[in-house]
Amino acid sequence: MAFSSWFARLRSSSKPIYSSLRNSIFNKHSRSITILNEAVSSDQRQSPRILSWANSLLPMALAVSAGSLALQSQQNLSLCDSPNLDQTGVRIGGKDSTDYVVKGSHKKVPEELIDELKAICEDNMTMDYEERYFHGKPQNSFHKAVNIPDVVVFPRSEDEVSKIVKSCNKHKVPIVPYGGATSIEGHTLAPHGGVCIDMTLMKRVKSLNIKDMDVVVEPGIGWMELNEYLEPYGLFFPLDPGPGATIGGMCATRCSGSLAVRYGTMRDNVISLKVVLANGEIMKTASRARKSAAGYDLTRLVIGSEGTLGIITEVTLRLQKIPQHSVVAMCNFPTIKDAADVAIATMLSGIQVSRVELLDEVQIRAINLANGKTLPEVPTLMFEFVGTEAYSREQTQIVQKIVSEHNGSDFVFAEDPEEKKELWKIRKEALWACFAMFPDCEAMITDVCVPLSHLAELISMSKEQMDSSSLLGTVIAHAGDGNFHTLILFDPKQEEQRREAERLNHFMVNAALSFEGTCTGEHGVGTGKMKYLEKELGIEALKTMKKIKTALDPNNIMNPGKIIPPHVCF
């Protein structure tokens, strides 16, 4: 198909009248909410047995020698966190929790610590309420906490981070690392108050090794800034999460993005780290060699630890050559299952696609309304092929044939840089398109990932649930690796709507787990996904995590209340 006429249609700029179109196009979403009881598993209906403080003394005594642990008050238990029960007997953040407001104890930060932080950071710290509130409420997340940080500091060097952490550890004051504020699972909440360490002033490129195709950076640099720096050298860093994400935060959450299907996730692209541990000591996890069998893999231990084991102060990244040529393609399907089946068939064909992104008809409709476009409002797949010009075109033709065999239509592709940028803009603006239509809503964003063979079935099941719901939900998938998101919009002022969004999320997570999948493919655990970890990994895995956490952070100051559910003891 000639691209020019289709591209002109894409650029159509007739502006929608939001107030008149919302009701007409989304009128089916005005039905009253019905909560489906079958989405609630039987174990959720039972209140867990409350563990007493006295009962927890024995396992604590067995776990460590008598001289290695000084028992603290019940507010700071290192081997078994406070039960933290709500009025119904459900543990907040535990496996039975549905409460999104994270509870926590709070004690006043000692004046001695404030003076020490002032001496370390000088003017680069604040106790201003608005600044503390901003850092304590994630910008793209509906999660909340009962407390906010007491202090926000902005270190300029690894040495300053070390001194800050050492002082906080001495006074047993919690620490919450902070990067680009793009995480969505409550990673930067401060349920116990304490000190927020904002790493955004540490954004230097420390060294670029062109012949080795690696770069050493500080954690506060964004991936987009880094790629601007690398472009003149013909190199790029291949992970592309949301705009604004920093390298440190990307390591902490083990993120990926649309290019992961070709280049892997963060754990595949980090060579080594430097990390400030809970006692202020600085650890280097590995050398700069591309591979090593020297000792425990501490790099992968820290990647995905979400600031609970230490604070990343330096990252050595693996780089890639900017592709010689690329082709972006787009095609439409009558059903979401047809689109998912093509994504699976493409991967099975052996073609090394760079991206395979799926958007459902509701998401396309949102993009049309928000941006004045006239795209066909049907399930849509987007591809990117890279390599030499001949190889990219050959891949495009093979996929076009696969599409035609699975009820696909309107297969178009672009090679011009501006046209390619315009096509990918559709995908990158998906979330903001939803918010533009409903600016007063918040989004519950799911993040399940399953073995590729189960992707089509799970997306179809999820679509059935959302289509029968009163809430508006869209599907966006990194279809090449089995990871998909739904954006479920709800009014935060309406508790019934929030619970319906939670029900949909709960359904998708449990369905993914039944297919041997995961509750989070790339967004991380934070506080939002803690309740699913025992079902996914088992209690023994969580106990092992707890032992590692306690060994490295005996005072539990490093981003407490994240990843490990509070009911896990050993």
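The expected span of a helix is 1.5 Å times one less than its number of residues. Helices (H or I, at least four residues) and strands (E, at least two) are DSSP runs, numbered from the N terminus. The model is predicted: local features need pLDDT of at least 70, side-chain atom pairs count only at pLDDT 80 or more, and totals for chains, interfaces and linings use all residues. Residues are numbered from 1 along each chain as its sequence is written, and side-chain values use heavy atoms, without hydrogens and water.

Helix α6 has 14 residues. From first C-alpha to last, α6 reaches 20 Å, close to the 20 Å expected at 1.5 Å a residue. Lys172 follows α6 and has a positive phi, near 55°.

An open sheet is formed by 5 strands in the order β7-β8-β12-β10-β11, with antiparallel pairing (at least two DSSP bridges between two strands). β7 (205-209) and β11 (282-284) are the edge strands, and each pairs on one side only. Strands β10 (residues 270-276) and β12 (residues 311-318) are joined by 6 bridges. Val275 stands opposite Ile312 in β12.

Helix α6 (residues 158-171) packs on this sheet and touches β10, β11 and β12 (contact: heavy atoms within 4.5 Å). The direction of α6 makes about 50° with that of β10 (axes are lines fitted to C-alpha atoms, for helices over the stretch in contact; angles run from 0 to 180 degrees between N-to-C directions). Helix α7 (residues 223-230) lies across β7, β8 (214-217) and β12. α7 runs at about 45° to β7.
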